[in-house]
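Please look over the sequence and the model shown here before reading on. The report that follows takes up a few of the model's features in turn.

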Amino acid sequence: RGELDSDAPVVDYWPEFGTAGKAAVPVRWLLSHRSGLPVVDERPPAQELLDWDPIVKRLAEQAPLWEPGSAHGYHALTYGWLVGEVVRRISGKSVGTFFADEVAGPLGLDFHIGLPPQYEPRVSRLVELSWGGADGSIDASAIDLSHLPAPIRVIAEAYLDPESITNRALHVTSPPLDWNAPEVHAAEIPAASGIATARSVARMYAATVGDVDGIRVLDPDTVATATEEQSVGRDRVLHVPTRFGLGFFLPSPFVTMGGERSFGHSGAGGSLGFADPDTGVAFGYVMNKMQQNLAGDLRTLSLIGALNRCL
């Protein structure tokens, strides 16, 4: 619609964002994980993540952890509030409402960011892996990492250290949110609380590369712009090489999708959605048995392998 210029400063849409050296940060850097805001200095109480305005205010006041634009690091949870607030300032709608009105509704998707209460009985409970804590939480002292090669051990230690940027970016609060709680399902936490069927994930991505019952969400020029590489190399948060376009993961050794022009996003525990403009195929996989990884789940990889053999 021409209402967003990705090269414009974020403050053009969200004036309060311009504190602590962020006045010149363009929207493009929010979309490509380059703003240096993967965490907030003090872990907020969980309730702030359910209410929207308090955590958004914290992010507006937060000083970047690195010079914006100089590096990238996966803004695991803060991404949703940062980009979601830009959506809200432009459209006047919360990101969940905007998604419902502009994407899920027209496409008839069983997909929600902020779950209506009538759907709560249908949600599968996430089954977490136990890492040694009596309550199923991570007990780093119970995990022997000494056998791991040094590069892998560094990554594992960062994931387990509650004070590391990696751990803080993935959880934000301490203790972490209970992702099986109805109040968390109902909240708009757009980087992590999308609740959907696999078919709806695939249908959404299909509408980015072709017509789905006469509806197309993104035109080819927008797809080309969104999938132009913005960030590549070692990720300051994940400690592995990642590639990002504007919002989407791009194929890399870290994230396996379709062909070289495919785009999408992996999710906590092994979930994945992507579209491949060259084949016209879209893919969705969701699960409730969590694995302790963001990408490279053997269940997902086996399905992608089967899809590629079919193609």
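## A charge over a ring

The charged end of lysine 22 sits over the ring of phenylalanine 17, at 4.9 Å from the ring's centre; a charge is said to sit over a ring if NZ of Lys or CZ of Arg is within 6 Å of the ring centre and within 35 degrees of the ring normal.

## About the model

This is a predicted model, in which local features need pLDDT of at least 70 and side-chain atom pairs count only at pLDDT 80 or more, while totals for chains, interfaces and linings use all residues. Residues are numbered from 1 along each chain as its sequence is written, and side-chain values use heavy atoms, with hydrogens and water left out.

## The sheet and its helices

Helices (H or I, at least four residues) and strands (E, at least two) are DSSP runs, numbered from the N terminus. Three strands form an open sheet in the order E5-E6-E7 with antiparallel pairing, where two strands pair if DSSP finds at least two bridges between them. Strand E5 (263–266) and strand E7 (281–285) stand at the edges with a single partner strand each, so one side of each is left without a neighbour in the sheet. Strand E6 (residues 272–276) pairs with E7 over five bridges, and glycine 273 stands opposite glycine 284 in E7.

H9 lies across E5, E6 and E7 and runs at about 155 degrees to E7; here axes are lines fitted to C-alpha atoms, for helices over the stretch in contact, and angles run from 0 to 180 degrees between N-to-C directions. Helix H11 (residues 298–310) packs on the sheet and touches E6 and E7, contact meaning heavy atoms within 4.5 Å.

## Aromatic pairs

Rings of Phe, Tyr and Trp (its six-membered ring) pair if their centres lie within 6.5 Å, and planes under 30 degrees apart count as stacked, over 60 as edge-to-face and the rest as tilted. By this rule the count comes to ten aromatic pairs. The rings of tyrosine 74 and phenylalanine 249 have centres 5.9 Å apart and planes at 35 degrees, so this pair is tilted. Tyrosine 74 counts as buried at 7% relative accessibility, and phenylalanine 249 counts as buried at 0%; buried means under 20% relative accessible area, exposed over 50%, and partly exposed in between (1.4 Å probe, protein chains only).

Phenylalanine 274 and phenylalanine 283 form a stacked pair, 4.9 Å from centre to centre with 10 degrees between the planes, and both residues are buried.
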